[in-house]
Amino acid sequence: MAKILVTGGMGFIGSHTVVELVNSGYEPVIVDDLSNSDPKILDQLAKIIGYKPTFYKLDLCDENGVYQLAEKEPDITGIIHFAASKAVGESVQHPLKYYRNNFFSLLNVLNAYKGKPVNFVFSSSCTVYGQPDVLPVTEDAPVKPAESPYGNTKQIAEEMLVDMQKAGSRYKVIALRYFNPVGAHSSALIGELPIGIPQNLVPFITQTAIGKREKITVFGDDYNTPDGSCIRDYIHVVDLAKAHVAALRLMENGSFTGYDVFNLGTGKGSTVLEVIRAFENSTGEKLNYVIGPRREGDIEKVWGDVTKSKNVLKWQTELDLDTMMQSAWEWEKYIAANPLN
Ligand code: UD1
């Protein structure tokens, strides 16, 4: 079984990817510092996949620790690198923390395994496009000046990986630009675990519905969109996780060389109000929401062109917005009844 190192494998997208790796016959090796995840996720994963996956608690900024990890796990054939800080607002307040965490961890992992023929998947974001001039946005759209230090770390990391490939690295690299990952595993045993007040739309919706938050504010209804609220391309986290397996498969194919980048979205945009309506209709729950002012830094509308992902990655989404909402709701109810901590 090919061993895949999953950095940040205890997190939201990482944990779902661990499940899909096992479903596809890979052996995941998780490394995570648990800064934004819970150790009990390992037990939750075991309930889904039938065994406890190998796990190392390690801060990837610890260079010696990463070299020791590479000595203990020399026969890694692929790395999926999720480990990174990801809160946009926090990155504006603490930029150096973001540059340190996101670059040191990436550099240490790349250096520790360099010289080996490893397939490397990098978690990037549609944030690199800013507000695109043309929608749906394709992978060759220009990268716009980053809106936040978080976004900048994604842009610079992509450039670093391109430069590394130009210099003749033995890595093969695929960067995946995520649109808005939401939802949870159909078992409701893993899902998103925001620390404190959620910044993202769907966890805020589910926490409001369960009574943890009094109401949700729709950030602006005066945008140039059909109902005035912002448009995003929401993608089910299980579909997203499967794309990482597709990326590994593509790189395992002898004809793939160097570097490539793919959009991971559904190709369809939904407004905030449409998401709220989908939540209410698919779960039967009434949501207490109000219209508020715009949130600073928000992009009006973005959704992805996923033609290249379909044709080259041989991957496409299967799960719709209702399924995203229902699964996120099942997870919220599960975690309310079975708190992890
Ligand atoms: C942001 C980042 C993205 C990052 C992602 C994950 C930008 C442009 N995008 O996505 O790079 O990967 O977070 O952290 O920085 N909304 C409300 N009320 C709420 C919360 C959100 O109306 O309480 C709206 C927002 O205005 C937006 C949509 O819901 O239109 C989605 O917001 P959110 O889930 O925060 O994701 P993004 O801002 O799209």
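Seven strands, in the order S3-S2-S1-S4-S5-S6-S11, form an open sheet with parallel pairing. Two strands count as paired if DSSP finds at least two bridges between them; strands (E, at least two residues) and helices (H or I, at least four) are DSSP runs numbered from the N terminus. The edge strands are S3 and strand S11 (259–264), each of which pairs on one side only. From one strand to the next the twist averages 20°; angles run from 0 to 180 degrees between N-to-C directions, and axes are lines fitted to C-alpha atoms, for helices over the stretch in contact.

This is a predicted model, in which local features need pLDDT of at least 70, side-chain atom pairs count only at pLDDT 80 or more, and totals for chains, interfaces and linings use all residues. Residues are numbered from 1 along each chain as its sequence is written, and side-chain values use heavy atoms, with hydrogens and water left out.

Within the sheet, strand S1 (residues 3–7) and strand S4 (residues 76–81) run parallel and are joined by 5 bridges. Lys3 stands opposite Ile76 in S4. Strand S2 (residues 27–32) pairs with strand S3 (residues 54–57), also in the parallel sense, over 4 bridges. Ile30 has Phe55 in S3 as its bridge partner. Together with helix H2 (residues 41–49), S2 and S3 make a right-handed β-α-β unit; right-handed here means that, with the strands pointing away from the viewer, the path from the first strand over the helix to the second runs clockwise.

Two loops carry backbone features to look for. Most residues other than glycine have a negative phi, and most peptide bonds are trans. Leu34, in the loop between S2 and H2, has a positive phi, near 60°. The peptide bond from Leu135 to Pro136 is cis, with omega near -5°, and Pro136 lies in the loop between strand S5 (119–125) and H6.

The helices come next. Two packed helices are described by the angle between their axes and the distance between the axes. The axes of helix H5 (residues 95–113) and helix H6 (residues 149–166) come within 9 Å and cross at roughly 25°. That makes H5 roughly parallel to H6, since angles under 35 degrees count as roughly parallel, over 145 as roughly antiparallel, 65 to 115 as roughly perpendicular and the rest as oblique. H5 passes H6 in a right-handed crossing: a crossing is right-handed if the near helix is turned clockwise from the far one by less than a right angle, and left-handed if anticlockwise. Residues in contact (heavy atoms within 4.5 Å) include Tyr98, Phe103 and Leu107 in H5 and Ile156, Met160 and Leu161 in H6. By class, the contact of H5 with H6 has 14 nonpolar, 3 polar and no charged residues; Ala, Val, Leu, Ile, Met, Phe, Trp, Tyr, Cys and Pro count as nonpolar, Asp, Glu, Lys and Arg as charged, and the others, Gly among them, as polar.

H5 also meets helix H3 (residues 63–72), with axes that come within 9 Å and cross at roughly 35°. This crossing of H3 and H5 is right-handed. Among the residues making the contact are Val66 and Tyr67 of H3 and Val109 and Tyr113 of H5.

Helix H9 (residues 272–283) packs on helix H11 (residues 321–337) at an angle of about 65°, with their axes 9 Å apart. That makes H9 roughly perpendicular to H11. The contact includes Phe279 of H9 and Trp329 of H11, and its residues divide into 6 nonpolar, 3 polar and 2 charged.
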